[in-house]
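The following note sets out some points for a colleague who is examining this model. Please read them alongside the sequence and the coordinates.

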Amino acid sequence: METLSSVVSGFSVVLQPANLLFCFVGVFVGTLIGVLPGIGPLGAIALLLPSTFYISPTSALIMLAGIYYGAMYGGSTTSILVNIPGEAATVVTCIDGYQMAKQGRAGPALGIAAFGSFIAGTISVLLLSFLAPPLARLALKFGPPEYFSLMILGLTILVYLANGPIIKALMMAAFGLILGIVGTDIITGRARFTFGIIELNDGIGIIPVVMGLFGISEVLFNVEKIIKREVTKTRIRGLFPNLQDWKNSIGPIFRGTFLGFFLGILPGGGAVISSFASYAIEKKMSKHPEKFGTGAIEGVAGPESANNSATGGSFIPLLTLGVPTNGVMALMLGALVLHGLQPGPLLMKEQPGLFWGTITSMYLGNVMLLILNLPLIGLWVQVLRIPYPILFPLILLFCLIGVFSVNNSVAEIWFMILFGIAGYLMKKFEYEMAPLVLALILGPMFENALRQSLIIFEGDPIVFLTRPISAAFLIVSCSLLLSTMLPWLKGKRKLLSDGD
Amino acid sequence: MKIQKILKALFFFIMFSFIFTGSLLAIDFPTKPINLVVCFAAGGSTDIIVRAINDKMSEKLGVPVVVLNKPGSGGLVGGEFVARSKPDGYNILVLSLSHLVRQAIDPKMPFDVLKDLEPICLYVSQPIFIIVKGDSKFNTIDEMIDFAKNNPGKLSMGSAGIGATSHFSLELMKTATKINFKHVPFAGEGPCLTAVMGGHIDGMAAGLGFFLGKALSGDVKPLVCFDENRVPELKDVATFKEKGYPEALMYSWFGFAAPAGTPKEIIEKVDNGFMAAIKDPASGAAIKKLYFRESYMGHAEFKQFVKTELEKFDKIAKSAGITVK
């Protein structure tokens, strides 16, 4: 088993004191970054990139990787505690996680997020070790038509994120699609709906939108309510998930892991899409879907596992093909190039120490993160006991700093505030925010994939059905749509047969 | 009384003279850190090639030269920032041909490269190639051109977006070889490369550093180079010039520019300092590692170079009808 011996040699690389230290520094910094809303791993890695010039490429990659998946762990903390997603991938955790926190179950929520992330992270690294090259080839098979069909599937499942009337969710999704139009159209190069504002040329950023819609609006909403004692001092019931919680979560964790891993391999937003998809799947498979949105632990376990395992998956194209799947991977590519390495299929053969050292460091990193995060749960839960009049200015402050840190842009702060107000109004009139966010992310990708496909295949749409992977996604989407019609159809049939 | 009047006049005279010593102080440059504004995100190729040298620049100029990332809009955010900043030499733009290309296609660009910026010097350049996937049916550029001539509009070539260097290279290829093919824009070089490697499009134009690793492993095949002469790292790859298309000549480059109106002495000081940094052997090694070529051009020469490059892109944009209204 060649792989096994490579893994062992990888461990010998990572167990060197220097590399262990870098691994720890990476996951520690990553957790902090993840906890602070807005500032994501992208910003942290960008800041630390120049300093990696002075250390060996293996150590650099180990540290940067640690920051990345450490941030995924930490990102769920603020989502659960104060309804502010640390990252776009942890938006879904807000939905049920925050509800659990309001019911005094922040501890179990944080706990299951930590354990789920650990299990997912470990499994994804295992899969990465043994399946990397063939999976990378699979990822290459995804061309514009496959992305189009995947986006159709994504837009179909967003309906499942709705907890209230479907029509309201669809309205918000439509609004999200419209907002996604703002920016430079890559097919023609023209700026659409930017009104001359240069900061809108790249579209409305997802971070300002998400932090405004979820974070700022929640603050505004809470401040408006008369702050009753019960709201801020909910009795903290238990710090860790109990047996029932585990029984409910084990399925979502494993499903989320595999879903996240495979979606993470695909270039373009793997972690975000996988967290939404996991939520939708868990809701569909649950025996009590109405509980979702009110604090169902499955709604935390699944998405958290999915986004952590997606980070493992997203390394595959980088390490085996030299193709980055997202912004963070592009930075890692930069780090490797800075050290004079040429990431590509030869990297595995020419630099086995680097390749296997990085992969095995992820095993250790996951263990370190679990050990780091579990004791902190007790500490985080105490944050909720801070009187809200003191807590909310701090939240606002972190949001402001977080948004600014992404692009050094004051305009994005204004966007966040704007969306905060919009989110507040949406909450008051009970409109859903998750469909808007998902549509905002998927819309542009959907449009680009469609138009690229039509250019390549000269306007012939049959290609979406003749290519197997694309056809598969479309069939699944249709089945999902039809399955929601089944109860209605059954009802009609009953009506007809009763009428006889 | 008279004494008082004289003293008052003297006092005001001394006060006024301080105003004019301000311009004398300008020659005392630099006295604080200099910002090197990179218009793309950290870790990208622009960022890396600049970070390979900013420490040396700090050494030669005696003050910290700091990289400031101002990404957005393909270079416009950073470019506008420097064009509008004080012409005191403390904000210097990393100018690339993408700024010029943008000016050629966008009449509403928020600043003008020739009017609002003062070029300082050229730093590095990198050759551009046409690449296809490793097991593509095309083994030479002639095969690709023949295919395109016999099947007009069937070939599909990707780019990193409208107005990107990779896009303009394709347009240059079109006009020089007089073939027609489908241009498929992607949201960046990465997705474009993935599409090429997966066989979803036939090929793309890319800078050497971007694809060399994959070329050496056989995952992509470089067919032709847009340079004057063959590139040492890929000696077996012909140039367009050899194949009979000498107009297909371009390469990607990076230089430095200050806001227009920056005093000549400051430009000279910066030019000299940067030249020393660029010509330093340690920098040369770092630049080579990143597969760039050291291509230093001084102030006057670079200014002329910027003009001719802009004319070249204007011509391509007009003939291909590319505009971003």
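How many residues of domain 1 of chain B are in contact with residues of domain 2 of chain B?

1. The model is predicted. In it, 17 residues of domain 1 of chain B are in contact with 18 residues of domain 2 of chain B. On the domain 1 side, the elements that give two or more residues are helix H5 (97-105), strand S9 (251-259) and helix H13 (299-320) of chain B. H5(B) gives the most, with five residues.

2. As to composition, the residues on the side of domain 1 of chain B that touches domain 2 of chain B comprise ten nonpolar, six polar and one charged.

3. The domain assignment of chain B places 31-126 + 251-320 in domain 1 and 127-234 in domain 2. Taken over C-alpha atoms, the centres of domain 1 of chain B and domain 2 of chain B are separated by 27 Å.

4. A further point concerns helix H3 (residues 54-61) of chain B, in which the buried residues are B:Lys56, B:Met57 and B:Leu61. Because the buried residues of H3(B) fall within an arc of 125° when seen down the helix axis, they line one face of the helix.

5. The cover over the buried residues of H3(B) includes strand S1 (34-38), strand S2 (65-69), helix H11 (264-279) and helix H12 (281-289) of chain B.

6. What follows H3(B) also deserves a remark: just after this helix, B:Gly62 takes a positive phi of about 85°.

Definitions and conventions:
Residues numbered from 1 in each chain as written. Chains lettered and ligands numbered in written order. Predicted model: local features only at pLDDT ≥ 70, side-chain atom pairs only at ≥ 80, totals over all residues. Domains from an automatic or database assignment. Contact = placed C-beta atoms within 7 Å. Helix = DSSP H or I, 4+ residues; strand = E, 2+ residues; numbered from the N terminus. Nonpolar A, V, L, I, M, F, W, Y, C, P; charged D, E, K, R; others polar. Buried ≥ 20, exposed ≤ 12 C-beta atoms within 10 Å, placed from the backbone. Arc of directions from axis to C-beta.
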